[in-house]
Amino acid sequence: MADLTLPDDPTAPDVANDGVWLHCIQCGHEHPPFEGIIYTCEECGGLLEARYDRYPTFEEFEGSGVWRYNAALPFEIGVTLPEGDTPLHEVPDLEDELGVRTLRVKHEGMNPTGSFKDRGMTVGVRVAQELDVDRLACASTGNTSAALAAYGSRANLETLVLLPAGKVAAGKIAQASLHGARILEVDGNFDACLDIVQDLADRGEAYLLNSLNPFRLEGQKTIGLEILEEFRDDHGRFPDRIVLPVGNAGNTAALYKCFREMVAAGDLAPGDVPKLTGVQAEGAAPMVEAIEEGAEETERWEGVETIATAIRIGNPVNAPKALPGIRETSGTAVAVSDEEITDAQRALAGEGVGVEPASAASVAGLRKLREQGVGGEGEDVVCLTTGHLLKDPDAAAKAGSEPEPVINDTGAVLAHLAGETYDKGGLFGRLRSLF
């Protein structure tokens, strides 16, 4: 196990605000959090991470939802719908199939707008209010736009979303539209959209709420806090491995930060930190490539393609945070095919857990890893599913069963169910009707 420590005081004077400051993960430079709008380090351009002068234990958390964990967040409460408290499902058939000690599915699709993004937005929009901005913006494969539109609307702030034209599921566009966002469809992929949004943010035209924003990840780290608490309460121990889909790698980075904070609080021993295991689609797998090649950074993939639209990303901005998280927790990463993703989506549906394709990547990845001999029968595993099946109804319909036409008659229905040809009144009945 490598570095799982966090400093409890900033080295630079006068950078903290109520015990919160921003720390550059690359050069260590520290910044005040709310004196101006900042996304990356002013010294070196590296990614920033929120830090605190103390880290609370589980005993200090009270209430419900994301804001139950306000002692570990920069504010007491934010714009809430509310979010969090998502279920940790038992999936006995998959547990038996995969041969692990226990398997649970953390279903983030049960958040207000149907994805984990709500956790980040409740914190991110609260920070936007603190900074007194007028316009919020994001690039999105769909879920971020839906969450930003909902929380921005709740806060009475203008929202702007940039989407790759023709590449976002209809259910997600509908959400952003109904919540009042201004939607721009860009002739390019997600990474091109993010380039433009970053440029707009740099020009002061909007407040960026993609996961490049360090406060977005503060909300998302509550996924890890809930998993640790719920699993411990149910089983008296922490899970050995958490398997999650990877797009921009924000959740991987957020969970890693959560674990380090709980180690700093003394509630999680370094040896009990779950192994972070990332899963990407084969057509969009720069993180897997970096892990397999032992690279320190990812190479940008152009022309990414997969049915898992939520993780169709070729340049994960949080890779500098996420790669150490995978390596330093003794985790790994694996790529899966679209066919394997759809098979896993069906398997989850068979357990009553309805998810969009990207969510099912976690189970598809666990299947592949077990085939490769990674993990074992003694492992306790949690798979993270990030979005509800109604986020992408077209994909759900293609993965599901076809409707079967039948005559408007009860006898016809019964005959169809029995696999028989229906003959209303029978041959003799029809003959009698002629005379």
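Pro-403 is placed in the loop between α12 (393-399) and α13 (410-417); helices (H or I, at least four residues) and strands (E, at least two) are DSSP runs, numbered from the N terminus. With a relative accessible area of 71%, Pro-403 is exposed. Here buried means under 20% relative accessible area, exposed over 50%, and partly exposed in between, for a 1.4 Å probe and protein chains only. The C-alpha atoms of Pro-403 and Tyr-52 are separated by 55 Å, and the two residues are 351 residues apart along the chain.

The model is a predicted one, in which local features need pLDDT of at least 70 and side-chain atom pairs count only at pLDDT 80 or more, while totals for chains, interfaces and linings use all residues. Residues are numbered from 1 along each chain as its sequence is written, and side-chain values use heavy atoms, with hydrogens and water left out.

Axes are lines fitted to C-alpha atoms, for helices over the stretch in contact, and angles run from 0 to 180 degrees between N-to-C directions.

Within this sheet, β5 and β13 run parallel and are joined by six bridges, with Cys-383 in β13 as the bridge partner of Val-105. Strand β10 (residues 241-245) also pairs with β13 (residues 380-385) in the parallel sense, over three bridges. Here Ile-242 has Val-382 in β13 as its bridge partner, and Val-243 stands opposite Cys-383. How many of the residues of β13 are buried? Six of the six are, so β13 is largely enclosed by the rest of the structure. Both of its faces are covered, with Asp-380, Val-382 and Leu-384 buried on one side and Val-381, Cys-383 and Thr-385 buried on the other.

Thr-385, found in strand β13, has a relative accessible area of 0%. Its side chain is joined to that of His-107 by a polar contact of 3.2 Å. A polar contact is a pair of N or O atoms within 3.5 Å; within protein, one must be able to donate a hydrogen and the other to accept it, and residues adjacent in sequence count only if both atoms are side-chain atoms. Leaving aside neighbours within four places in sequence, the residues in contact with Thr-385 include Val-105, Glu-108, Leu-348 and Ser-362, where contact means heavy atoms within 4.5 Å.

Asn-111 lies in the loop between β5 (102-107) and α2 (117-131). At 5% relative accessibility, Asn-111 counts as buried. Its side chain makes a polar contact of 2.9 Å with the side chain of Glu-108, and a polar atom of the Asn-111 side chain lies 3.5 Å from the backbone oxygen of Ser-115.

Helix α5 (residues 190-202) has 13 residues. Its buried residues are Phe-190, Asp-191, Cys-193, Leu-194, Val-197 and Ala-201. These pack against β6 (135-139), β7 (158-164), β8 (182-186) and β9 (207-208). At the N-terminal end, α5 is capped by Asn-189, which has a side-chain oxygen 3.2 Å from the backbone nitrogen of Asp-191. Just after α5, Gly-204 takes a positive phi of about 75°.

A further open sheet is formed by three strands in the order β2-β1-β3, with antiparallel pairing. Its edges are β2 (30-31) and β3 (48-52), each with a single partner strand, so one side of each is left without a neighbour in the sheet. Strand β1 (residues 20-24) is joined to β2 by two bridges, and Leu-22 has His-31 in β2 as its bridge partner. Helix α6 (residues 214-235) lies across β1 and β3, running at about 60° to β3.

Key. The expected span of a helix is 1.5 Å times one less than its number of residues. Two strands pair if DSSP finds at least two bridges between them.
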